[in-house]
Amino acid sequence: MKSTSPRGKGELISGRTLTRRLTDLDPVRDNEEATRLSIEVRYGDAIFVHAAYTVAFARQVAIPTIARVVYRRGTGDMMHDVRRRNDDTLVFFGEMLRHGHSGASGRAAIDRMEAIHSRFGISDEDKLYTLASLALEADRILDRLGLSVFTDADRLARFHFWRGVGEHMGLEVPATRADLVAWTFEYENAHYAHTEGGRALVDQLFDDWRQRWFPGPLRPLADNALLLILDDQLRATHRLPDPPAAARRMAPPIINSYMKFQAARPHRLDRSWVDHFRRDSAGSLDLDQIGYQPGRYGRPD
């Protein structure tokens, strides 16, 4: 399966123009374009994307049935090459975002992920929880920090975008965002549990976070930066320490300033998560070469 981007002109638009475009879109009817402009173009910096993805993944592996599939007694791809595993997953999401859940290229990325998941017998409920973590995590992080960044229209569009992805996967997604939020909290309260595999996977996530964004003397700051955006229940499930009180006080204004700068600066209209996380930038993207490959690490699988 080959994929190419439909937006390759590198056009720059101002933050004000982007705001006007988003305001003119209907969050239900135009959910694909609204979500792309918000999550990929406006707030699509690699470090922010990777942070939200890391927390979402930590949520997923707090569910023992999901942790078991990803960990696979220490033989899962994440335990062998966490950066490749993360990059490939983010490329899949980037393809969905830049092409939409209703377009052929976006659906090819969804189908490729589904083909991978079908090897491991993941339940529809666990798939729905994974989808919910993608739809809701950015909002949950910012809400925890007391920051108002996304509009109600942004949140509604994002819900309908991921609902469209879920429907293509054959999932029964709650009809409203409020229903999905309620279902998500109930699922977490019923299923979160500490497992050795889940904690080992979270340790791998932390390692990728450190290595990717905190070189040399900045390395001691890495864990606290990530712990700040993990909520109390999630840290307790994975038996992680709390961040220092000083970091809790300092983080919100710093992150708020960063997000305001992102909203105001000029944006490249064709920006995509794929640009950040694709490992081979030459030629068209071959989805069959992205993600899980049987025997990649010498295992029969």
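**Burial, pockets and ring pairs in a predicted model**

Helix α2 (residues 31–42) is mostly covered, with 10 of its 12 residues buried. The structure is a predicted model.

Me: What covers the buried residues of α2?

Reply: The covering elements include α1 (15–24), α6 (82–99), α9 (152–168), α14 (245–264), β3 (267–268) and α15 (273–277). Among the buried residues of α2 are Asn31, Ala34, Leu37, Ile39 and Arg42.

Me: Why is Trp183 called buried?

Reply: Buried means under 20% relative accessible area. Trp183 has 19% relative accessibility, and therefore counts as buried.

Me: What makes the pair of Trp183 and Tyr187 stacked?

Reply: Two rings pair if their centres lie within 6.5 Å, and planes under 30 degrees apart count as stacked. The rings of Trp183 and Tyr187 are 4.7 Å apart, centre to centre, with 15° between the planes, so the pair is stacked. The two residues stand four apart in helix α10 (residues 177–191), which means that about one helical turn separates them. Tyr187 is also buried, at a relative accessible area of 7%. Ring pairs link Trp183 and Tyr187 with Tyr129 and Tyr192 into a cluster.

Me: Why is the pair of Phe161 and Trp162 called edge-to-face?

Reply: Planes over 60 degrees apart count as edge-to-face. Between the planes of Phe161 and Trp162 the angle is 85°, and the centres are 5.1 Å apart, so this aromatic pair is edge-to-face. Phe161 has 0% relative accessibility and counts as buried, and Trp162 is buried with 5%. A search of the whole structure finds eight aromatic pairs.

Me: How do you know that Arg158 lies over the face of Phe150?

Reply: The distance limit for a charge over a ring is within 6 Å of the ring centre. Arg158 is at 4.3 Å from the ring centre of Phe150 and lies over its face.

Me: Which classes of residue line the largest pocket?

Reply: The lining of the largest pocket has 20 nonpolar, one polar and no charged residues. This pocket has a volume of about 600 Å³, and of its 21 lining residues, Ala225, Leu228, Ala251, Ile254 and Ile255 lie nearest the centre. Helix α14 gives the largest share of the lining, six residues.

Me: What lines the second largest pocket?

Reply: Its lining comprises 15 residues, of which Arg42, Tyr43, Val149, Thr151 and Asp154 lie nearest the centre. By class they divide into seven nonpolar, five polar and three charged. The space in the second largest pocket is about 240 Å³, and α14 supplies the largest share of its lining, four residues.

Note on methods
Residues are numbered from 1 along each chain as its sequence is written. This is a predicted model: local features need pLDDT of at least 70, side-chain atom pairs count only at pLDDT 80 or more; totals for chains, interfaces and linings use all residues. Side-chain values use heavy atoms; hydrogens and water are left out. Buried means under 20% relative accessible area, exposed over 50%, partly exposed in between (1.4 Å probe, protein chains only). Contact means heavy atoms within 4.5 Å. On a 1 Å grid over the protein atoms alone, a cavity is a set of points where a 1.4 Å probe fits but cannot get out, and a pocket is an open set with protein on both sides within 12 Å along at least five of seven lines; lining residues have an atom within 4 Å of a point. Grid points are joined across faces, edges and corners, and a volume is the space filled by probe spheres set on the points. Ala, Val, Leu, Ile, Met, Phe, Trp, Tyr, Cys and Pro count as nonpolar, Asp, Glu, Lys and Arg as charged, and the others, Gly among them, as polar. Rings of Phe, Tyr and Trp (its six-membered ring) pair if their centres lie within 6.5 Å; planes under 30 degrees apart count as stacked, over 60 as edge-to-face and the rest as tilted. A charge sits over a ring if NZ of Lys or CZ of Arg is within 6 Å of the ring centre and within 35 degrees of the ring normal.
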